[in-house]
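Biologist: I'm new to this one. Can you bring it up and walk me through it?

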Amino acid sequence: MILEVAILNVIPGLENEFEAAFKQASTIISRMGGYVSHQIRRCLEHSNRYILLVEWETLEDHTVGFRGSPDYQQWKQLLHHFYAPFPEVEHYKDPL
């Protein structure tokens, strides 16, 4: 299992629009091959910051399968214009 972690800094004032778009985008990611689960949380200290955690079966399910899919283009169109700066995405695995 791979955990994708992204800190999402949304342009201030666009949080409600982002959250509505993310609800729509959630249906895209959840139907992808290798997808296990995801959650998003809003920061208490910085109301325009979110953390996105996505579990994938393999790294390639995210980096090749999802990012290489036509659905990813729709994901980008829905969400990428909300970010400033663009998020850095990292992947983690269980060390044991």
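Modeller: One term before we start: two strands pair if DSSP finds at least two bridges between them. Strands (E, at least two residues) and helices (H or I, at least four) are DSSP runs, numbered from the N terminus. With that in hand, Leu-3 stands opposite Tyr-92 in strand 4.

Biologist: What should I know about the source?

Modeller: This is a predicted model, so local features need pLDDT of at least 70, side-chain atom pairs count only at pLDDT 80 or more, and totals for chains, interfaces and linings use all residues. Residues are numbered from 1 along each chain as its sequence is written, and side-chain values use heavy atoms, with hydrogens and water left out.

Biologist: In what order do the strands of the sheet come?

Modeller: The order is 2-3-1-4, in an open sheet of four strands with antiparallel pairing. Strand 2 and strand 4 are the edge strands, and each pairs on one side only.

Biologist: How many bridges join strand 1 to strand 4?

Modeller: Five, and the two strands run antiparallel. Strand 1 (residues 2-9) also pairs with strand 3 (residues 49-56), over eight bridges. There, Leu-8 stands opposite Tyr-50.

Biologist: And strand 2 with strand 3?

Modeller: Seven bridges, antiparallel. Ser-37 has Glu-55 in strand 3 as its bridge partner.

Biologist: What packs on the sheet?

Modeller: Helix 1 does, touching strand 1, strand 2 and strand 3. Its direction makes about 175° with that of strand 2. Angles run from 0 to 180 degrees between N-to-C directions, with axes fitted to C-alpha atoms, for helices over the stretch in contact. Helix 2 (residues 59-66) lies across strand 1, strand 3 and strand 4, at about 150° to strand 4.

Biologist: Is strand 1 mostly covered or mostly open?

Modeller: Mostly covered: six of its eight residues are buried. Buried means under 20% relative accessible area, exposed over 50%, partly exposed in between (1.4 Å probe, protein chains only).

Biologist: What about Glu-4?

Modeller: Glu-4 sits in strand 1. Glu-4 is buried yet has no salt bridge. A salt bridge needs a side-chain nitrogen of Lys or Arg within 4 Å of a carboxyl oxygen of Asp or Glu. The nearest side chain of opposite charge, Arg-67, is 5.3 Å away. For charge, Lys and Arg count as positive, Asp and Glu as negative; His and the chain ends are not counted.

Biologist: Which side chains make polar contacts with Glu-4, then?

Modeller: The side chain of Trp-56, at 2.8 Å, and that of His-62, at 3.4 Å. A polar contact is a pair of N or O atoms within 3.5 Å; within protein, one must be able to donate a hydrogen and the other to accept it, and residues adjacent in sequence count only if both atoms are side-chain atoms.

Biologist: How many salt bridges does the structure hold?

Modeller: Two. Glu-19 forms one with Arg-42, the closest N and O atoms being 3.0 Å apart. Glu-19 lies in helix 1 and Arg-42 in strand 2, so the pair ties together parts 23 residues apart in sequence. Arg-31 and Asp-71 also meet in a salt bridge, at 3.3 Å, N to O. Arg-31 is in the loop between helix 1 and strand 2, Asp-71 in helix 3 (residues 70-79), 40 residues apart.

Biologist: Is Met-32 buried or exposed?

Modeller: Met-32 counts as buried because its relative accessibility is 12%. Leaving aside neighbours within four places in sequence, its contacts (heavy atoms within 4.5 Å) include Trp-56 and Phe-66.
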